[in-house]
Amino acid sequence: CDRVNRKNNQFRSIKFEYNVIPDASGSVYAQYGNTKLIVAIYGPKQSRNLSVFSNQGRFTCYFHYAPFAFSQRLTESRGKSIKEKDMALNIEGALKQAILLNKYPKCTIEAHVWLLEC
């Protein structure tokens with residue numbers, strides 16, 4: 001996004017603000033260059049509707065584009081929904097490896113990611 005105004009040896013500016021969503025277990029506003037997002041983590045909390053006991057907790061990620069995230073407005077379409085689900089699965093796959101889910105049996109941890117600007 002901001003590559004035009006940046007030289008090869010220059011880094012994008014980075015900014016973090018923590019605990020921006022009080023009801024979340026943890027949250028952060030992150031800005032990397034012109035890319036802005038908010039991440040909120042909820043849990044661990046007791047899982048609902050489990051038909052089978054598992055010694056392993058569950059981790060789920062939800063990803064959403066803000067309606068104003070891009071200079072050209074995204075329309076509510078099947079394509080947007082598929083992109084959001086694909087992004088959520090990619091983030092979930094990456095973060096799941098870092099969470100010790102065996103420490104949270106019968107529990108769920110949720111990550112909610114909102115892309116505000118790109």
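Trainee: Is Phe63 buried or exposed, and what of Tyr65?

Mentor: Phe63 is buried, and Tyr65 is buried too. This is a predicted model. Buried means under 20% relative accessible area.

Trainee: How many aromatic pairs are there?

Mentor: The count is 2.

Trainee: Why is the pair of Phe16 and Tyr18 called stacked?

Mentor: Take the distance, then the angle. The ring centres of Phe16 and Tyr18 are 6.3 Å apart, and the limit for a pair is within 6.5 Å. Their planes stand at 20°, and stacked needs under 30 degrees. So the pair is stacked.

Trainee: What makes Phe63 and Tyr65 an edge-to-face pair?

Mentor: Their ring centres lie 5.0 Å apart and their planes stand at 90°. Edge-to-face needs over 60 degrees. So this pair is edge-to-face.

Trainee: Why is Phe16 called partly exposed?

Mentor: Phe16 has a relative accessible area of 47%.

Trainee: What makes Tyr18 exposed?

Mentor: Tyr18 has a relative accessible area of 59%. Exposed means over 50%, so Tyr18 is exposed.

Trainee: Which residues form the nonpolar patch on the surface?

Mentor: Ile14, Phe16, Tyr18 and Tyr32 form the patch, with about 480 Å² of accessible area together. Strand β1 gives the most to it, with 3 residues. Phe16 sits in that strand, β1.

Trainee: What is the strand order in the open sheet?

Mentor: The 5 strands run β1-β2-β3-β5-β4, with mixed pairing.

Trainee: Why do β1 and β4 stand at the edges?

Mentor: β1 (14–18) and β4 (58–65) each have a single partner strand, so one side of each is left without a neighbour in the sheet. On average, neighbouring strands of this sheet are turned by 15° against each other, direction ignored.

Trainee: How do you know that β2 and β3 pair?

Mentor: Count the bridges. β2 (residues 26–32) and β3 (residues 35–46) share 7 bridges, in the antiparallel sense. Pairing needs at least two. Gln31 stands opposite Lys36 in β3.

Trainee: What makes Glu117 and Lys36 a salt bridge?

Mentor: The closest N and O atoms of Glu117 and Lys36 are 3.2 Å apart. The limit is within 4 Å. Glu117 is in strand β5 (residues 107–117) and Lys36 in strand β3, so the pair ties together parts 81 residues apart in sequence. Glu117 is partly exposed at 31%, and Lys36 is partly exposed at 23%.

Trainee: How do you know that Lys45 and Glu110 form a salt bridge?

Mentor: The closest N and O atoms of Lys45 and Glu110 are 3.7 Å apart, and the limit is within 4 Å. This pair also links distant parts of the chain: Lys45 is in strand β3 and Glu110 in strand β5, 65 residues apart.

Trainee: Why is Glu110 called buried?

Mentor: Glu110 has a relative accessible area of 16%. Buried means under 20%, so Glu110 is buried. Lys45, at 39% relative accessibility, counts as partly exposed.

Trainee: What makes Glu92 and Lys96 a salt bridge?

Mentor: Their closest N and O atoms are 3.8 Å apart, and the limit is within 4 Å. Both lie in helix α1 (residues 78–96), 4 residues apart, about one turn of the helix. Glu92 counts as buried at 16% relative accessibility, while Lys96 counts as partly exposed at 34%.

How values were computed. Residues numbered from 1 in each chain as written. Predicted model: local features only at pLDDT ≥ 70, side-chain atom pairs only at ≥ 80, totals over all residues. Heavy atoms only, no water. Phe/Tyr/Trp six-rings, centres within 6.5 Å; stacked < 30°, edge-to-face > 60°. Buried < 20%, exposed > 50% of the residue type's maximum accessible area, 1.4 Å probe, protein only. Helix = DSSP H or I, 4+ residues; strand = E, 2+ residues; numbered from the N terminus. Axes fitted to C-alpha atoms, helices over the stretch in contact; angles between N-to-C directions. Patch = residues over 30% accessible without salt bridge, like charges linked within 9 Å, V, L, I, M, F, W, Y side chains within 5 Å. Areas by Shrake-Rupley, 256 points an atom, 1.4 Å probe, with all protein chains shown as cover. Salt bridge = Lys/Arg side-chain N within 4 Å of Asp/Glu carboxyl O.
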